[in-house]
Amino acid sequence: NSSRFGKYIELQFSEEQVIVGATMRTYLLEKSRVVHQAENERNYHIFYQMCAQADSALLADLEISEPDDFFITKQGDAAVVPDVDDAEDFSATTDALRTLGLEEERVAELFRILAGLMHLGNVEVRTRSKRTDDAIIPEDDTHLPVAAGLLGVEPSELSKWATHRKIQTGKEVFTKPLTATDAGRAVHAFAKHIYAHVFDWIVAKVNASLAAPHKGGKPLKTIGVLDIYGFEVFKVNSFE
């Protein structure tokens, strides 16, 4: 969908003018959608697909429930889309991942990370007290240990670096508390950064699966297809 990310696809041809492969580059992934959706809009579909199949063997241990239970999937109030079967689409997604050659362990790890982002969005950041605006994550926050476990980090470390930043002056390094507002932004930035890396990893797997092998070092003939939302409105562009 070019309104969510742009892409440039190169179709690769043999000397006989037969398509033998393809590669893709992506641009301008809409990372903000991971943590914020406008009214009547959804987050990326995969999160709703996971909720629809939360009881499946692949997802049963990830503590996923309904979209309305998670901050990152309920903001647009559009969890249900007419004529869209998220459970069926989840099966199609997993089939596609396996077609790409992903091992079951890698597929499971992928969904663990995405579930971790869902729980990360529910982590509560608040001010420490009325006398200071320093950020704190309550010790009894139930989503923090789940998010940390799914993302493979210690809860204490996740809590610390969500609410503090490291400053280096010369050879001296010290930590400084963030305000609750800045800590909330840091958590959102972390979630967007992880999602972008997951997206890039999947694109790399797609390219590895589709790209034609080079034989004899002779370059393949290609046709490029550009799909970027809004690109056509520029009087002058620098893509060429």
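Trainee: Which ring does the charged end of arginine 42 sit over, and how far is it from the ring centre?

Mentor: Happy to start there, with a reminder that this is a predicted model, where local features need pLDDT of at least 70, side-chain atom pairs count only at pLDDT 80 or more, and totals for chains, interfaces and linings use all residues. Residues are numbered from 1 along each chain as its sequence is written, and side-chain values use heavy atoms, with hydrogens and water left out. A charge sits over a ring if NZ of Lys or CZ of Arg is within 6 Å of the ring centre and within 35 degrees of the ring normal. For arginine 42 the ring is that of tyrosine 48, and the distance to its centre is 4.2 Å.

Trainee: Is tyrosine 195 buried or exposed?

Mentor: Buried means under 20% relative accessible area, exposed over 50%, partly exposed in between (1.4 Å probe, protein chains only). Tyrosine 195 has 8% relative accessibility, so the residue counts as buried.

Trainee: Which residues lie nearest the centre of the largest pocket?

Mentor: On a 1 Å grid over the protein atoms alone, a pocket is an open set of points where a 1.4 Å probe fits, with protein on both sides within 12 Å along at least five of seven lines; lining residues have an atom within 4 Å of a point. The largest pocket has 34 lining residues, and those nearest its centre are Phe5, Tyr44, Ile46, Tyr195 and Phe199.

Trainee: Which element gives the largest share of that pocket's lining?

Mentor: Helices (H or I, at least four residues) and strands (E, at least two) are DSSP runs, numbered from the N terminus. Eight residues, the largest share of the lining, come from helix 7.

Trainee: How many residues lie between strand 3 and strand 4 in their hairpin?

Mentor: Two strands pair if DSSP finds at least two bridges between them. Here three bridges join strand 3 (residues 126-129) to strand 4 (residues 132-136), and the strands run antiparallel. In this hairpin, the number of residues between the strands is two.
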